[in-house]
Amino acid sequence: MERGGMVHALEEIHRILKPTGILIDIHPVNEAMSVEVHHEGNIDLVSPWSVSQWRTDYQHADNALAKVVQRGLFIVERKIEFDSLTYYSSIEEMRTDLKEAVDKFAREDQPAGEVEPDFETLAARAEELMEKAAHGAELVARERAQISRLIPT
Amino acid sequence: MVDFSDKRVFEIGCGEGRLTWRYADKTARVTAIDPNAEQIELAREQIPEHLQDRIEFHNSAFENFAAASAPSSFDIVILSWAL
């Protein structure tokens with residue numbers, strides 16, 4: 001969602017939500033995600049992975065929520081953090097998924113260097129660890145996220 | 001965190017329905033939107049048979065969909081990685 005539209009979107013949600021309704025917001029926290037290899041109960045870190053643009057967007061999402069709460073449109077009843085895990089069946093699938101995510105959230109005004117992480121280094125490191133790990137190893141992206149329950153006032 | 005029983009739910013940013021399948025069977029009705037046409041097509045293709053009458057997917061940006069929605073239409077709104 002465009003940064004400038006977040007507060008307006010929350011105002012619209014307030015309008016279309018029943019007075020007794022609930023808003024559930026799920027979005028990542030402002031931390032780097034990590035790519036990992038899971039095998040036989042062990043977790044090997046391939047690499048932390050972060051796109052500065054995403055983290056800026058997450059911060060804007062937090063700010064937009066804080067703003068509508070401050071204005072008295074919503075009350076935060078509960079907020080918890082959790083790990084969102086994405087399992088990949090292959091390194092190629094991971095590469096495609098992460099590239100699509102970068103493209104999806106890239107902004108026209110964003111310098112290219114900030115939205116083009118080094119996929120090749122990440123993929124090579126993942127391949128190395130997958131080969132070392134036992135059969136049945138899994139390639140996983142871990143993203144810390146938060147889920148908030150808000151009620152309209 | 002939420003009781004979905006007999007609730008009218010609006011999910012924003014549903015993608016291919018990964019989250020939608022997990023709660024929809026408890027609801028009265030789910031309206032789910034995503035601006036990505038390919039993801040919505042996937043969601044429509046993958047919708048479980050027992051949920052077909054309960055979920056409607058729309059390829060739409062939130063701003064457009066909300067503008068056409070009446071006030072107090074939903075019991076629960078879910079922003080799914082959408083802000």
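This report looks at one strand and the nonpolar cores of a predicted model.

## A covered strand

Strand β2 of chain A spans residues 33–39. Seven of its seven residues are buried. In a regular strand, side chains alternate between the two faces of the sheet. Both faces of β2(A) are covered. One side carries A:Met33, A:Val35, A:Val37 and A:His39. The other carries A:Ser34, A:Glu36 and A:His38.

## Its strand partners

β2(A) pairs with strand β3 of chain A, residues 42–49. The two are antiparallel and share seven bridges. A:His39 sits opposite A:Asn42 of β3(A). Two residues lie between the strands in this hairpin. There, A:Glu40 has a positive phi near 45 degrees.

β2(A) also runs antiparallel to strand β5 of chain A, residues 138–152. Five bridges join β2(A) and β5(A). A:Val37 has A:Leu139 as its bridge partner in β5(A).

## The nonpolar cores

The largest nonpolar core holds 26 residues. Those with the most contacts inside it are A:Leu10, A:Ile13, A:Leu23, B:Phe10, B:Ile12 and B:Phe62. Chain A elements giving two or more residues to this core are α1 (6–16), β1 (17–28) and α2 (52–70). From chain B come β1 (8–12), α3 (62–67) and β4 (74–80). α1(A) gives the most, with six residues.

What does A:Ile13 contact beyond its neighbours within four places in sequence? In chain A, A:Ile13 is in contact with A:Leu23 and A:Phe74. In chain B, its contacts are B:Ile12, B:Phe62, B:Val77 and B:Leu79. Another core, of 23 residues, lies apart from the largest one. Among its residues are A:Trp54, A:Met94, A:Leu98 and A:Ala137.

Terms used
Residues numbered from 1 in each chain as written. Chains lettered and ligands numbered in written order. Predicted model: local features only at pLDDT ≥ 70, side-chain atom pairs only at ≥ 80, totals over all residues. Heavy atoms only, no water. Buried < 20%, exposed > 50% of the residue type's maximum accessible area, 1.4 Å probe, protein only. Helix = DSSP H or I, 4+ residues; strand = E, 2+ residues; numbered from the N terminus. Pairing = 2+ DSSP bridges. Core = buried A, V, L, I, M, F, W, Y, C linked by side-chain atoms within 4.5 Å. Contact = heavy atoms within 4.5 Å.
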